[in-house]
2 protein chains.
Amino acid sequence: MSRVWNFSAGPAALPQAVLERAQRELLDWNGCGASVMELSHRGKLFTGLATQAEADLRELLAIPADYAVLFLQGGATQHFAQIPMNLAGEGDSADYIVNGHWGEKAASEATSYVRVNVAASSKADHYLSLPARDHWQLDPGAAYVHYTSNETIHGVEYHDIPSVGEVPLVADMSSNILSEPLDISRFGLIYAGAQKNIGPSGLVVMIVRRDLLQRAARPMARIFRYAEHAANDSMLNTPNTWGWYLAGLTFQWLKQQGGLSAMAARNRTKAELLYRAIDESGGYYRNPIDLAARSRMNVPFTLHDNALDAAFLQESGAAGLLALKGHKALGGMRASLYNAVPPEAVEALVAFMRDFAARHG
Amino acid sequence: MSRVWNFSAGPAALPQAVLERAQRELLDWNGCGASVMELSHRGKLFTGLATQAEADLRELLAIPADYAVLFLQGGATQHFAQIPMNLAGEGDSADYIVNGHWGEKAASEATSYVRVNVAASSKADHYLSLPARDHWQLDPGAAYVHYTSNETIHGVEYHDIPSVGEVPLVADMSSNILSEPLDISRFGLIYAGAQKNIGPSGLVVMIVRRDLLQRAARPMARIFRYAEHAANDSMLNTPNTWGWYLAGLTFQWLKQQGGLSAMAARNRTKAELLYRAIDESGGYYRNPIDLAARSRMNVPFTLHDNALDAAFLQESGAAGLLALKGHKALGGMRASLYNAVPPEAVEALVAFMRDFAARHG
């Protein structure tokens, strides 16, 4: 069949132009007679690509020079563990803000390496809102404050960067990095699994203030130390070269789209279109999230009668709308609207939703 | 330019047929209207692919049912650390056989998690031979015995599986897995970075006897426990889906080639052809490795006069022979002859070497 509109939460849609270019040069990258996957990561051909990808990311996010950019493996989940290994000493504590599934998981994986203090949580509210900043119980002596800037499953997102004083702010931005401009200087460390807004799965992009790299004091293998990865330009061992390459193509595509201000406007428009269709459906569709906390990236919604779910999924699939099934923890539907999902996809979804409601009224 | 003959040590050549298929279906996998990279790893489409890849690998290597197969991230280097975390308790020791750069590194990364006993080493011989089995100082109380079945840089390879009694044998097979049939039951754990004989970089394939998964007693994050990865079919978190897909295509290609017996015969023929060209060059080319330890996968060689190295590299590149430069630790040349390097590539290399010697006599 032809290409569908893909609302997958991750691994998610990639820009069509990026895929087409990757397809064209899959067997012969840059005229070298081999695939980019078949090149030594230490050869000039690949290191040129790697350097350019980092430069483009630095330009897109205006990353200050005192921040290192790392291209790592292991998924965000591995770094739930590796961040405390690197940023906390034995006996230290860290503050965790928990506003959904991923924040819970980050705190849970960290417990082997740091005393986790859940400084705020919206669990009692079923993660339908964000914990108000003035109720956070922050510890000025914490090694860092960790939060999840967008919760992929629950569909809640911070629209401002929380102020946490002098303690380094650590953000899991897996599902909203590069969706809008960002003041990097407000953060100690930002990390993101690539498979939503950057590239394919198996790659993690990390942006970390260089002074924090000197913290790691506990015994651990060299391969777990971010400082070693930074000192070796993320080539301490063989990186995910295909992921790095596709990330680089995505960064170039973002620049061609007008950069992150343009993407922010486009993402706002897309999200507003879908939320309006939900809110103006007279209760046929529902999104229960606090208005101020609604995510621009992941929009969970339910039908007024879940007996209609199977028909909705079957018919939307037949209409070329892929991966609308909600996460099993919440049921219902979810549409993910990452950068690579074009406005036309959201227009098609909204048209389908109106039509479905009219036919199954 | 057209495709070259690629002798890269890794990331290395992939089978042409695998790349062509990946190219054809890059934007529309299996008629689903999306790239395989854009699919949820938990959806039926991808889990079907993942299950088939494991089944094909089990068939190729005749993996017994009491062994788990894992598709992981982090490169072999991360598992240099993670293996002792999982297989050794606090205070345990493990025996390491060191016969090259990668064995050294495996032992070094392990030291944070286990008392490393170098039970044998060929370092004093500059890794030109393998340490004789009857000189290994094995400890019957060791948590495991670790060795590197093929050393990519030094070009030495074990042609038999060493007997180590009841202690589990752990093998880093990154650069010779799937090059010949293997008696899996002789091993406790086998692991391999994908980027030589399996697929692209960013994927590690592990084959581990299930009883060993119960060993991990020390506190560590869930994401580091192999038992958790096994219990979750390697989807404890998002795997490298593109790597898994290409690995699956490579396994199918190996089956189409006649399986590992056919590959073993082909690999033996390729290596013999190149070693004969070196040995019969009257000293123009040299490979210093002990005959019994020569690798079928990686063939380092030097020219009789290293002033000719630059011309050799320039002219071989112009002749469509890629990545013959030796590792910086050894200098000279290296040709890697993994499964995806066809006999025609080695014939072209040998013809070039004879021609070069005649012209620069």
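Guide: Buried, in what follows, means under 20% relative accessible area; exposed means over 50%, and partly exposed lies in between. The model is a predicted one.

The part to start with is helix H3 of chain B, which covers residues 75-87. H3(B) is mostly covered, with 13 of its 13 residues buried. From its first C-alpha to its last, this 13-residue helix reaches 18 Å, close to the 18 Å expected at 1.5 Å a residue.

Ala62(B) sits in the loop between helix H2 (44-61) and strand E2 (67-72) of chain B. Its phi is near 50°, which is positive although the residue is not glycine. Ala62(B) has a relative accessible area of 59%, so it falls over the 50% cut-off and is exposed. Gly165(B) belongs to the loop between strand E7 (156-157) and strand E8 (169-172) of chain B. Its relative accessibility is 64%, and therefore Gly165(B) counts as exposed. Between the C-alpha atoms of Gly165(B) and Pro239(B) there are 35 Å in space, for a separation of 74 residues in sequence.

Chain B also has a cis peptide bond, from Gly10(B) to Pro11(B), with omega near -10°. Pro11(B) is placed in the loop between strand E1 (5-6) and helix H1 (16-24) of chain B. Chain A has a cis bond from Gly10(A) to Pro11(A), where omega is near -15°. In chain A, Pro11(A) lies in the loop between strand E1 (5-6) and helix H1 (16-24).

From here the view widens to the contact between the chains. 60 residues of chain B touch 60 residues of chain A. The size of an interface is often given as the accessible area lost when the parts come together. For chain B and chain A that area is about 4,700 Å², with carbon and sulfur atoms giving 54% of it. On the chain B side, Leu27(B), Met37(B) and Glu38(B) lose the most area to chain A, and together they make up 15% of what that side buries.

Chain A is assigned two parts of its own, domain 1 (17-256) and domain 2 (258-359). Domain 1 of chain A puts 27 residues into the contact and domain 2 of chain A puts in 25. Taken over C-alpha atoms, the centres of these domains are separated by 27 Å. The two domains of chain A bury about 2,100 Å² between them, and 56% of that comes from carbon and sulfur atoms. Of the area that domain 1 of chain A buries against domain 2 of chain A, 24% is supplied by Leu128(A), Ile153(A) and Ser179(A), more than any other three residues. UniProt, in an unreviewed entry, gives residues 4-349 of chain A the feature "domain: Aminotransferase class V". That span is 32% helix and 17% strand, and its end C-alpha atoms lie 11 Å apart.

The loop between strand E8 (169-172) and strand E9 (189-193) of chain A contains Leu178(A). Leu178(A) has a positive phi of about 70° although it is not a glycine. Leu178(A) counts as buried because its relative accessibility is 1%, under the 20% cut-off. Ile184(A) lies in the loop between E8 and E9 of chain A. With a relative accessible area of 2%, Ile184(A) is therefore buried. Beyond its neighbours within four places in sequence, the contacts of Ile184(A) include Leu61(A), Ala62(A), Ile63(A), Pro64(A) and Tyr67(A). Ile190(A) and Ile207(A) are also among the residues that Ile184(A) contacts. The C-alpha of Ile184(A) is 46 Å from that of Ala358(A), which is 174 residues away along the chain.

The last stop is Arg42(A), where an unreviewed UniProt entry places the feature "binding site". Arg42(A) is in the loop between H1 and helix H2 (44-61) of chain A. At 47% relative accessibility it lies between the two cut-offs, so Arg42(A) counts as partly exposed. Setting aside neighbours within four places in sequence, Arg42(A) contacts Thr47(A), Met235(A), Leu236(A) and Asn237(A).

Notes: Residues are numbered from 1 along each chain as its sequence is written. Chains are lettered from A and ligands numbered from 1 in the order in which they are written. This is a predicted model: local features need pLDDT of at least 70, side-chain atom pairs count only at pLDDT 80 or more; totals for chains, interfaces and linings use all residues. Side-chain values use heavy atoms; hydrogens and water are left out. Helices (H or I, at least four residues) and strands (E, at least two) are DSSP runs, numbered from the N terminus. Buried means under 20% relative accessible area, exposed over 50%, partly exposed in between (1.4 Å probe, protein chains only). UniProt positions are given in the numbering used here, feature names are shortened, and annotations may be inferred rather than shown by experiment. Contact means heavy atoms within 4.5 Å. The expected span of a helix is 1.5 Å times one less than its number of residues. Domain bounds come from an automatic or database domain assignment. Buried area is the accessible area (1.4 Å probe) that two parts lose on being put together, summed over both.
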